[in-house]
Amino acid sequence: MTNIIKRTTMLVTSHAALQLNTSVTEQLHVLESHFLARRKLIEGWFHSQWEQTMPPVYGSIDLRNSGFKLAPIDMNLFPAGFNNLNPDFLNYSVSAAHAIIQKAVPGAKKILLIPESHTRNLRYWSNIKILQDILIKAGFQVRFGILSAEITAPHEIVLESGGKVLVEPLRRKDNALCLDQYEPDIVLLNNDLSDGIPEILQNLQQAVVPPAQLGWSQRFKSEHFQYYALVAAEFAELVNIDPWLISPLFRYCGEIDFMQQEGMECLGANAEVLFAEIQKKYNEYRIPHQPFLIIKADAGTYGMAVMTVRDANELGSLNRKQRTRMSMTKGGQPVRRVIIQEGVYTFETFGPDKAVAEPVIYLWGSQVVGGFYRVHQNRGIDENLNSPGMKFEPLAFAQTCHEPREDMDPDACPNRFYTYGIVAKLSMLAAAREIKGLRQAGNG
């Protein structure tokens, strides 16, 4: 277990051959073999789970592969980044999008998509353009209604590629959303509602997916990972593995104020407990690395309000710059809760410069449709890669790697990404149970 096995997986892009260098320990190789040998059992279990609980319409999952552990570190119900997927394999997204939307609203033809309100981030709008292309190819009509008081008439956004996206003022008619001369069958949110749920989206009598109540103004990462821990434990029992191999340990603190240094006792105490729990697992598996923690806002995206902690004592001496960086997230929203998460090393690097990398996996419903590597030349193996300076490399291979290959080495690319897909689907299942719980409580 302590011997590190060096493995190399070749990736092929449309531009040039790139190399993903992955240092993995024996444990991940065993895990890959274990999943391959139980493929029918695993697929049958997922099938039964999706019959009981409908998956979210789409989602993206950030993974980390330390070799001795493969675990999700974040799950986004309003994914951007479709423009970073391998364009050669978007047909997977087309068929999967059609299937899940028809399951959500049988017979649906017209989609009203609500994007983010910032109109100057052209990368985001490239994502929206690809999302539109996917949905049109899936057989839907698509128009965009924007939550912006500044846009009172149809507004055209010109992309760097020369493509165009037309956004229109969002309207409300009785208890339904619409546009001028357009009444949709379903409303698709691609806006994470970090600023709260606006009045126009409240008390609607039409299908809105994902539910507005799971935007980042109300949803917490710690709640998702409570669901995930239960899902991972059920799955681990099914396939007879230690759930820790696929699940990050975590704790959380509410009522925290970094600028006023309030709630720091909770943070320090939970950090000490979590360090001890991780060290116990490291000792069990003879892992020769130092545990670390990731502390981040319990709600929000864009990699804001995230810090690495390598020793609990660091939390007692945060300087003003560190406290300021942790005090707010997207849109200037104040941080009042944090999740304290087991840090998962990434021993994956991309390209000749060996930039640190982590996979991000995309799903439509229950179907894995692709992903990309988030790559950062200036970040370390125990740091947040979702930060300025990151780049994206599509998961593009000589084969699609959509299906595992039992005739190949367990660590070959189709099998490596089959394993990634399993963990991503576990996170998607946890999100499905979040949504189910919300609706059972009468809030969705």
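Predicted model: local features only at pLDDT ≥ 70, side-chain atom pairs only at ≥ 80, totals over all residues.
Entry 1: I began by looking up how many salt bridges the structure holds, and the total came to 19.

**Entry 2: Arg 64 and Glu 358.** I then looked at one pair, Arg 64 and Glu 358, whose side chains meet in a salt bridge at 2.9 Å from N to O. Arg 64 belongs to strand β3 (residues 58-65) and Glu 358 to strand β20 (residues 355-364), so this pair ties together parts of the chain that are 294 residues apart in sequence. I checked accessibility as well: Arg 64 counts as buried because its relative accessibility is 4%, under the 20% cut-off, and Glu 358 is buried too, with a relative accessible area of 2%.

**Entry 3: Asp 74 and Lys 221.** Here the side chains meet in a salt bridge at 3.0 Å, N to O. The pair links distant parts of the chain, since I found Asp 74 in strand β4 (residues 70-76) and Lys 221 in helix α5 (residues 221-239), 147 residues apart. Asp 74 is buried at 17% relative accessibility, and Lys 221 is buried at 4%.

**Entry 4: Arg 310 and Asp 382.** This salt bridge has an N to O distance of 2.7 Å. Arg 310 sits in the loop between β15 (306-309) and α7 (320-325), while Asp 382 sits in the loop between β21 (367-376) and β22 (391-394), so the pair ties together parts 72 residues apart in sequence.

**Entry 5: a network.** Lastly, I noted that salt bridges with shared partners join Asp 62, Arg 64, Glu 358 and Arg 374 into one network.

Conventions
Residues numbered from 1 in each chain as written. Heavy atoms only, no water. Salt bridge = Lys/Arg side-chain N within 4 Å of Asp/Glu carboxyl O. Helix = DSSP H or I, 4+ residues; strand = E, 2+ residues; numbered from the N terminus. Buried < 20%, exposed > 50% of the residue type's maximum accessible area, 1.4 Å probe, protein only.
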